[in-house]
Amino acid sequence: MAQQQTNGNGALDLSLDDSKKQGTRVFKKSSPNSKITCYLGKRDFIDYSDHIDPIDGVVLVDPEYVKDRKVYASVLAAFRYGREDLDVLGLTFRKDLFCSTQQIYPPVDDQKKPLTHLQQRLLRKLGPNAYPFYFEIAQTAPASVTLQPAAGDTGKPCGVDYELKTYVAETSEDKSHKRSSVRLAIRKLTYAPEIPAPQPVIEAHKDFMMSPAPLHLECTLDKEMYYHGESINVNVVVTNNSNKTLRKIRISVVQYAEICLYSSTQYKCDVAAIESSEGFPITPCSTLTKVYSLTPLLANNKDKRGLALDGKLKHEDTNLASSTIIRSTTQKENLGIIVQYKVKIKLIVAMGGDLAVELPFTLTHPKPPPTPSPSRQLEFITNQQNPNDQQANDIPIDHNLIQLDTNFDNAGHDDDFIFEEFARIRLKGHESGHEDTEA
């Protein structure tokens, strides 16, 4: 017998006493009038370089409410480069980068596709008024990037965001009504390809007047690609053959965010920094060899407005934006924001004449172990019901309480669903003095 339990997120968790089998997490959101409900298996869709996770889900429709109208679903990626409250007189500070729309109800024969494993299970649970949708994101579509707002900013933050919208209308071009539409904020994240890259290294020297030889600096990173939360080790070798004295060294990790509109503008922000005088001063004809370690983290930079982050979702923290992967076929104008990282090393010289170098590197997410793609059965949705199944269809369905299906797999039971409501966006640690936008 199933027991009802509530998890920490307020989602309903149904489990078997015997097997304690973990349920499948499903996100759900209904329109304000509760006439359409959208179900989605995840909110993060990953770009693996060779393919991108498809956006697949199910929409539950009330046919008596829709009547002769239609239900549409669309995925929109837009670059917002101005505050939402500045949109006046029909002028919006946003640029659409990717858009795809399809009719969900009534189903269109030309758009029908094989069902994913999740869609099969949801359709079996939700009944005949549930209809699937399936979107494929273009390889040239940008990654989700959010510019961190200040504490008092309201409305949608600037950046590149993705939205899955389901709505009722006569045609796809009609304006949707808030009461009969569902908006879900989703993210497109990027994993950098696991291609061996040369170890970043740089050498520089500086001549001074009346010095017999230059000041020499050599810097090396232990690797080219780092994952979020990893420490960056910087190996520094200083050879001072000049007549100058070196006072200290300053090392920082700098994020560069290039805004690609009609003209490119670049912003930079230090996300980690250390300043050390250990081993200093370095007098003429002296050397220093030392390894410095830095860890760029969002937790140490939440007060910096304009910092580029991976797109944030509601009630979930995020991280610093990953490095943008630019393909040869991609136009920079379609990326919205291009993020890059560099380690900057600066030697502070007494009486002026500092020496500085930069080492670029890639910051990204670790690629998960390969998993088989969802099985797609060669079956299509039809409005005709098998007479033998009519008795099963007459059983009332509770759409908020998903029961176990005992006819799914050879093991004798199917795993359970855990429904989680989409909620309001909040970055952890931020004060909740105002409401953010819907997602």
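Predicted model: local features only at pLDDT ≥ 70, side-chain atom pairs only at ≥ 80, totals over all residues.
Figure 1. The partner of E163 in a salt bridge is R183, with the closest N and O atoms 3.0 Å apart. The pair links distant parts of the chain, as R183 belongs to strand β12 and E163 to strand β11 (residues 159-169), 20 residues apart. R183 is partly exposed, with a relative accessible area of 32%.

**Figure 2. The salt bridge between K188 and D47.** K188 and D47 form a salt bridge in which the closest N and O atoms are 3.2 Å apart. K188 lies in strand β12 (residues 181-190) and D47 in strand β5 (residues 44-47), so the pair ties together parts that are 141 residues apart in sequence. Both K188 and D47 are buried.

Figure 3. The side chains of D62 and K35 meet in a salt bridge with an N to O distance of 3.6 Å. Distant parts of the chain are linked by this pair: D62 is in the loop between β6 (55-61) and α1, whereas K35 is in the loop between β3 (24-30) and β4 (36-40), 27 residues apart. D62 is partly exposed, with a relative accessible area of 24%, and K35 also counts as partly exposed, at 29% relative accessibility. The loop between β3 and β4 holds S34 as well. Most residues other than glycine have a negative phi. S34 is not a glycine, yet its phi is positive, at about 65°. At 53% relative accessibility, S34 counts as exposed.

**Figure 4. A salt-bridge network of K248, R250 and E275.** These three residues, K248, R250 and E275, are linked in a network of salt bridges. The count of salt bridges comes to 12.

Figure 5. V66 is placed in helix α1 and counts as buried because its relative accessibility is 0%. Leaving aside neighbours within four places in sequence, V66 is in contact with V61, V71, Y105 and V168. The C-alpha atoms of V66 and A169 are 8.6 Å apart in space, although these residues are 103 residues apart in sequence.

**Figure 6. A negative surface patch that includes D68.** The patch is formed by D68, E170, E173 and D174. D68 is placed in the loop between α1 (63-66) and β7 (70-80). At 73% relative accessibility, D68 counts as exposed.

Figure 7. Most peptide bonds are trans. Y105 and P106, however, are joined by a cis peptide bond with omega about -10°. P106 lies in the loop between β8 (94-105) and α2. Eight of the 10 residues of helix α2 (residues 117-126) are buried, so this helix is largely enclosed by the rest of the structure. The buried residues in α2 are L118, Q119, Q120, R121, L122, L123, K125 and L126. G127 follows α2 and has a positive phi, near 95°.

Figure 8. P281 is placed in the loop between β18 (264-276) and β19 (286-294). A cis peptide bond, with omega about 0°, joins F280 and P281. C285 is found in the loop between β18 and β19 too. The phi of C285 is positive, at about 65°, although C285 is not a glycine. C285 is exposed, with a relative accessible area of 68%.

Figure 9. The place of E203 is in strand β13 (residues 201-206), and E203 counts as exposed at 51% relative accessibility. Apart from neighbours within four places in sequence, E203 is in contact with H216, L217 and E218. E203 and C219 are 16 residues apart along the chain, and their C-alpha atoms are separated by 6.5 Å.

**Figure 10. The chain that surrounds the close-up views.** The chain has three helices and 23 strands. Of its 439 residues, 43% count as buried. The accessible surface of the chain comes to about 22,700 Å², and 49% of this surface belongs to carbon and sulfur atoms. Among contacts between residues at least 6 apart in sequence, 68% join residues at least 24 apart.

Definitions and conventions. Residues numbered from 1 in each chain as written. Heavy atoms only, no water. Patch = residues over 30% accessible without salt bridge, like charges linked within 9 Å, V, L, I, M, F, W, Y side chains within 5 Å. Areas by Shrake-Rupley, 256 points an atom, 1.4 Å probe, with all protein chains shown as cover. Salt bridge = Lys/Arg side-chain N within 4 Å of Asp/Glu carboxyl O. Lys, Arg positive; Asp, Glu negative; His and termini not counted. Charge placed at Lys NZ, Arg CZ, Asp CG, Glu CD. Helix = DSSP H or I, 4+ residues; strand = E, 2+ residues; numbered from the N terminus. Buried < 20%, exposed > 50% of the residue type's maximum accessible area, 1.4 Å probe, protein only. Contact = heavy atoms within 4.5 Å.
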